[in-house]
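Let's walk through this structure together, one contact at a time. Keep the view open as you read.

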Amino acid sequence: MLKKLALSLGLGCAALPAAADQALIISNGAFEGVRDIRAAYDAQRAVVAFRDAGFSVATLRDVNVDRMASVLADFSARLDENERVVIFLSGYFAEDGPNGLFMTSRLRGLSAFNLDSRGLDLEPVMDLLAKHPGRSLLVLGSPAGRFNDQGELQDSGSRNLVRAPQGVAVAEGVPAALADRITRLLVDPTVPMSNVFRGRDVRAYGYLPNHGTFLEAGVNVPPPPPPVDHDALWWDVVRAI
């Protein structure tokens with residue numbers, strides 16, 4: 001409850017630079033009670049692509065729930081409604097409620113009774129991104145399975161980890177593959193996300209229009225023209241004769 005309150009009020013003191021667009025990357029790869037996942041740090045490979053595309057990028061590694069909540073609250077308070085917003089979380093996740101949890105290092109003795117206290121609730125993260133419809137992307141890098149609602153580690157999740165609100169795109173998969181796809185997306189932001197985040201190691205859901213999506217702030221790409229009605233063209237020619 002405190003985590004949700006902090007995010008909704010925009011509380012927190014972590015300093016993040018202001019820029020036209022904002023990206024936040026959090027990688028948790030060191031754990032107690034389960035094996036470490038060094039692949040979680042592959043999310044940091046996207047930093048250069050973000051900066052080259054004009055994003056202000058904040059990165060964190062191996063942080064606890066309170067630190068994540070503080071940084072996200074500050075991140076939320078600094079956003080402008082016209083900015084592109086990307087949040088990339090990489091590590092272990094847990095299926096708990098409609099929007100899941102992003103887990104921290106304290107996983108020893110994990111169970112259904114303490115699951116909520118060991119991870120960051122993703123629901124306020126989705127609420128944050130929903131304020132930027134059409135310009136927001138949540139990336140969830142999970143290289144080593146996820147926990148179910150009983151605190152048991154599974155090879156893979158049984159469902160989408162979050163429920164994407166209107167206007168928010170979500171990509172899930174292996175962190176390295178996701179970082180590579182983000183680089184491609186930022187090089188050519190008119191490529192549809194549904195094409196970029198497609199493959200054996202990644203998938204996407206939520207707001208995925210077919211006409212190019214991840215644009216420069218304030219720029220809109222028109223939708224593709226409607227298909228040509230050849231019968232109508234033929235009758236136009238006949239009437240002209």
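In helix H5, the buried residues are Pro175, Ala176, Ala177, Leu178, Ala179, Ile182, Leu185 and Leu186. Buried here means under 20% relative accessible area, exposed means over 50%, and partly exposed lies in between (1.4 Å probe, protein chains only). Helices (H or I, at least four residues) and strands (E, at least two) are DSSP runs numbered from the N terminus. You are looking at a predicted model, in which local features need pLDDT of at least 70 and side-chain atom pairs count only at pLDDT 80 or more, while totals for chains, interfaces and linings use all residues. Residues are numbered from 1 along each chain as its sequence is written, and side-chain values use heavy atoms, with hydrogens and water left out.

H5 covers residues 175-187, 13 residues in total. From first C-alpha to last, H5 reaches 18 Å, close to the 18 Å expected at 1.5 Å a residue; the expected span is 1.5 Å times one less than the number of residues.

Now for the charged side chains. Side chains of opposite charge can pair when their charged atoms come close. The whole structure holds 5 salt bridges, each a side-chain nitrogen of Lys or Arg within 4 Å of a carboxyl oxygen of Asp or Glu. One of them joins arginine 45 to aspartate 180 at 3.0 Å, N to O. This pair links distant parts of the chain, with arginine 45 in the loop between E1 and H2 and aspartate 180 in helix H5, 135 residues apart. Arginine 45 is partly exposed at 43% relative accessibility, and aspartate 180 is partly exposed at 40%.

Another salt bridge brings arginine 203 and glutamate 172 together, with their closest N and O atoms 3.3 Å apart. Here strand E11 (residues 202-206) supplies arginine 203 and strand E10 (residues 168-173) supplies glutamate 172, 31 residues apart. Glutamate 172 is buried, with a relative accessible area of 7%, whereas arginine 203 is partly exposed at 34%.

Let's turn to the rings. There are 3 aromatic pairs, counted when ring centres of Phe, Tyr or Trp (its six-membered ring) lie within 6.5 Å; planes under 30 degrees apart are stacked, over 60 edge-to-face and the rest tilted. Phenylalanine 31 and tyrosine 92 have ring centres 4.7 Å apart and planes at 65 degrees, so this pair is edge-to-face. Phenylalanine 31 lies in the loop between strand E1 (21-27) and helix H2 (47-52), and tyrosine 92 in the loop between strand E3 (85-90) and strand E4 (93-94), so the pair ties together parts 61 residues apart in sequence. Both phenylalanine 31 and tyrosine 92 are buried.
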